[in-house]
Amino acid sequence: MADTITRPAEGPRSTHGTDTAERVPTVIADRVDIVYRVNGTGAGRGTATAALNRILRRKKTEKAAGVRRVHAVRNVSFTAYRGEAIGLIGTNGSGKSTLLKAVAGLLPVENGRIYTDGQPSLLGVNAALMSDLTGERNVFLGGLAMGMSRDQVRERYQEIVDFSGINEKGDFITLPMRTYSSGMAARLRFSIAAAKDHDVLLVDEALATGDRSFQKRSEARIRELRKHAGTVFLVSHNNKSIRDTCDRVLWLERGELRMDGPTADVLKEYEKFTGGKK
Amino acid sequence: MSQVLHTPPPTTAGSAPAAAESPAQLAARHGLSVSGARPSLPQYVRQLWARRHFITAFATAKLTAQYSQAKLGQLWQVVNPLLNAAVYYLIFGVLMGTKRGVPDYVPFLVTGVFVWTFTQSSIMAGTKAVSGSLGLVRALHFPRASLPLSYCLQQLQQLLFSMIVLVVILLACGVPVTASWLLIVPALVLQFTFNAGVAMAMARFGAKTPDVSQLMPFVLRTWMYASGVMWSLDVVLADRDLPSWVHTVLEYNPAAVYIDLMRFALIDSFQGSQLPDHVWAVALGWALLAGIGGFIYFWKAEETYGRG
């Protein structure tokens, strides 16, 4: 990423919290830092001595042994409230997904704390699914992996299959997932993930899957989930879908929180920053 | 070395409603909990219990997915152990003549191979349980011990298929069905507990240092030859001039204990006198030591899995 970009004029700061009614916070991030450590890079990479050094003296000489630290999120603080839909924007590699994973409790933070109400769930079950199994079994597996009970999955099964539209073109749900087109697989994944009601829902660019009609349906489903859920976080590069679903936007750039405010204000600055493109 | 230029942090920090209140205080007032913190041990056990259906479904799914592309399909579950036993019989029974001094050698060998394979593949799978499922670990929230447990359960299911083969072989060799066959159940329960414990410990190792999975096959192979899978330790060690502690160590090593218990349960010519003293107590001891120790060791690093 170019380092020559200039900081735009600071946009209006968030006015949250000045309301009269007491609002219930669901996620509080308090000066969060997230650091990735990557093995086997940097100076002396790949040599046997460097590797040995790394294993033997792991704690003391982390840097000397060629472990690279990637500071993905820096000193980010925000408070999200019940009923909010928050968009996370920023150029590629700005730390959006990392922050989301930390909120979900999937990545440990280096410094600071993240407080949450209940267990936030990242919308995504990709990894739990197995391409050699039929769609039907994957619905069960995915549901169970998200923490639904067997009865809950059974109850929602038809709903999930109907929503995914897998069976619109024939009985595909009883075929192994490896026979699906990538679009079909993505639709099934989204449908499984969206079947559960969540307290705090984190969506990472999931709306970009499927054909136009499925995108419409999933956007509607996100809005519905938002009604049930306390708070929705949405990571997207599609400014339109952010504008349609979110009322507040956090803009991350190079791991730092650059702006936090109402969607229209932040997007205006962001679009200016990225060159006015949509 | 840092990837990001150090620009001063923006002052957005703390858009908290009451300016005087710190985020921690606000969180405490509304009963929010720290995200990604390690649950207490009883809590962890409860979470794990709540995911039991996922654990079994995941194991079964893995097992079925294994042969789903093969033409013979699930038949391989049975053919695989059968071929395995045939290879070992050819080499150790026919070519090397290890069968001298062992009555009912074929049942002896096949039982040994199947029981050992159960422990071996559980530990191998455990080593890769977390490091091989990083996608899952980074996408979903569940007690991570589900993974090694699930892999061990898959191996147990695999063993049950092998047991069908084993029973057929036993009957074909003229081994009578006796009441002692019921001892299979406690023997398997103990062995499963032991396997699961070691698998959990190895899962933590493997998550931290993936290199372990490269090393494990060698460790396991050494262990196999030292556990009397293909031969009777008594017979092999009888005419050797080894210190007696070597004999004791080999005899009481968990793999040998579980293999001998299974042989004692199934084969009538394998007498109780061939078992080491206090064998059930030793089997229970290994199971508890590995099971509880491995579980606690795994839990201690619960919040760090999936990092980096």
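Helices here are DSSP runs of at least four residues, numbered from the N terminus. In this predicted model, chain A has 8 helices and 9 strands. One of those helices, α2, covers residues 96-103, and Thr98(A) is found in it.

So how does Thr98(A) sit, buried or exposed? A residue needs 20 or more other C-beta atoms within 10 Å of its own to be called buried. Thr98(A) has 21 such neighbours inside 10 Å, so it counts as buried. Burial is also the label for 47% of the 278 residues of chain A.

Next come the partners of Thr98(A). With neighbours within four places in sequence left aside, Thr98(A) is in contact with Ile34(A), Ala72(A), Val73(A) and Leu107(A). Arg137(A) is another story: it lies 39 residues away from Thr98(A) along the chain, and their C-alpha atoms are separated by 30 Å. Across chain A, take the contacts with a separation of 6 or more: 71% of them are between residues 24 or more positions apart.

Then there is the largest nonpolar core, which has 153 residues. Leu88(A), Leu202(A), Ala199(B) and Tyr258(B) have the most contacts inside it. Helix α8 of chain B, residues 184-208, brings the largest share of this core, with 14 residues.

As for Leu88(A), which residues is it in contact with, leaving aside neighbours within four places in sequence? The list includes Lys96(A), Leu99(A) and Leu100(A), and helix α2 spans residues 96-103. Leu88(A) is also in contact with Phe233(A), Leu234(A), Val235(A), Leu250(A) and Leu252(A).

Note on methods. Residues are numbered from 1 along each chain as its sequence is written. Chains are lettered from A and ligands numbered from 1 in the order in which they are written. This is a predicted model: local features need pLDDT of at least 70, side-chain atom pairs count only at pLDDT 80 or more; totals for chains, interfaces and linings use all residues. Helices (H or I, at least four residues) and strands (E, at least two) are DSSP runs, numbered from the N terminus. A residue is buried if 20 or more other C-beta atoms lie within 10 Å of its own, exposed if 12 or fewer, and partly exposed in between; C-beta atoms are placed from the backbone. Two residues are in contact if their C-beta atoms, placed from the backbone, lie within 7 Å. A nonpolar core is a set of buried Ala, Val, Leu, Ile, Met, Phe, Trp, Tyr and Cys residues joined through C-beta atoms within 7 Å.
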